[in-house]
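Subject: Structure handover

Hello,

Here is the structure for you to look over. My notes on what turned up follow below it.

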Amino acid sequence: METFYLIRIVGSLPKTIKMKHYCLCIFLSATSLFLFGQAPKRQLAAQRATGAIKVDGNLDELIWKNAIPAKDFVEWRPDAGKPEAPMTKTIVYILYDNNSVYIGGYCYERTKDSVSKELVGRDVVGVNDFVGVIFDTYNDGINGVGFYVTPYGEQFDAKYSNSNMGED
């Protein structure tokens, strides 16, 4: 079974961000940033969209087919650090234009019943499976913003920063 998620982030991004140098950090949780801090950083350059992208849940535009995939992720739960199994793999693509960042992909599961889902409302995780992206907008490994979506399309977002208020 294959589930598709497409996130469109609209609005102006800070001028200091160079789209082609985005470091794509997709994790199932912000805490995975710290769990795997020893691993080499993986990067994926966002590809500039040359035509219109229809946000409809389908990756059928030619630009998606030519985009570089992010793959070979690791689990956060239930087995933190374990490489993803081929039957439950995730493939993600990132595109941008002058107005938006587009993130699309496929999340595979063995069966439809193996997807953990419940309606819990916006900004609540519950026991849901979810997929998300964290943008490290200052490229410092501390500050960032995360956007997530569940199988029911419920969204949650988060802002990450140094919780010690400037203290080491």
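Ring pairs link Phe 130, Tyr 148 and Phe 156 into a cluster. Rings of Phe, Tyr and Trp (its six-membered ring) pair if their centres lie within 6.5 Å; planes under 30 degrees apart count as stacked, over 60 as edge-to-face and the rest as tilted.

Some ground rules. This is a predicted model, where local features need pLDDT of at least 70, side-chain atom pairs count only at pLDDT 80 or more, and totals for chains, interfaces and linings use all residues. Residues are numbered from 1 along each chain as its sequence is written, and side-chain values use heavy atoms, with hydrogens and water left out.

**Aromatic pairs**

By the ring rule, the count comes to six aromatic pairs. Phe 130 and Phe 156 have ring centres 5.2 Å apart and planes at 75°, so this pair is edge-to-face. Phe 130 sits in the loop between S4 and S5, and Phe 156 in strand S7 (residues 155-160), so the pair ties together parts that are 26 residues apart in sequence. Helices (H or I, at least four residues) and strands (E, at least two) are DSSP runs, numbered from the N terminus.

Why is the pair of Tyr 148 and Phe 156 stacked? Its ring centres are 4.8 Å apart and its planes are at 10°, so the pair counts as stacked.

Phe 130 and Phe 156 are both buried. Buried means under 20% relative accessible area, exposed over 50%, and partly exposed in between (1.4 Å probe, protein chains only). Phe 156 has 10% relative accessibility, so it counts as buried. Tyr 148 is buried too, with a relative accessible area of 4%.

Lys 89 lies over the face of Tyr 108, at 5.2 Å from the ring centre. The rule: NZ of Lys or CZ of Arg is within 6 Å of the ring centre and within 35 degrees of the ring normal.

**Strands**

Start with S3 (residues 90-96). Seven of its seven residues are buried. Thr 90, Val 92, Ile 94 and Tyr 96 point one way from S3. Ile 91, Tyr 93 and Leu 95 point the other way.

Two strands pair if DSSP finds at least two bridges between them. Which strands pair with S3?

- Strand S2 (residues 47-48) pairs with S3 in the parallel sense over two bridges. Arg 48 stands opposite Tyr 96 in S3.
- Strand S4 (residues 100-108) pairs with S3 in the antiparallel sense over seven bridges. Leu 95 stands opposite Tyr 102 in S4. A hairpin of three residues joins S3 to S4.

Then S5, S6 and S7. S5 and S6 run antiparallel, joined by five bridges. Val 131 stands opposite Val 149 in S6. S6 and S7 also run antiparallel, with six bridges. Here Val 149 stands opposite Gln 155 in S7. S6 and S7 form a hairpin with five residues between them. Gly 153 in that turn has a positive phi of about 85°.

**Cores**

A nonpolar core is a set of buried Ala, Val, Leu, Ile, Met, Phe, Trp, Tyr and Cys residues joined through side-chain atoms within 4.5 Å. The largest has eleven residues, including Leu 44, Ala 70, Phe 73, Val 101 and Phe 135. S3, S4 and S5 each supply at least two residues of this core. S3 gives the most, with three. Another core, of ten residues, lies apart from it; Ile 53, Ile 63, Trp 64 and Ala 67 are among them.

**Positive phi**

Most residues other than glycine have a negative phi.

- Asp 72: phi is near 60°. Asp 72 is found in the loop between helix H2 (62-66) and S3. Its relative accessibility is 54%, so Asp 72 counts as exposed.
- Asn 139: phi is about 50°. Asn 139 lies in the loop between strand S5 (131-135) and strand S6 (144-149). Its relative accessibility is 61%, so Asn 139 counts as exposed.

**Confidence**

pLDDT is the predictor's confidence in each residue, from 0 to 100. The protein chain averages 74, and 68% of the residues score at least 70. Over residues 1-37 the pLDDT is below 50. Beyond near neighbours in sequence, this stretch has 103 contacts in the model. Contact means heavy atoms within 4.5 Å. Where pLDDT is low, the predicted coordinates should not be read in detail.

Best regards
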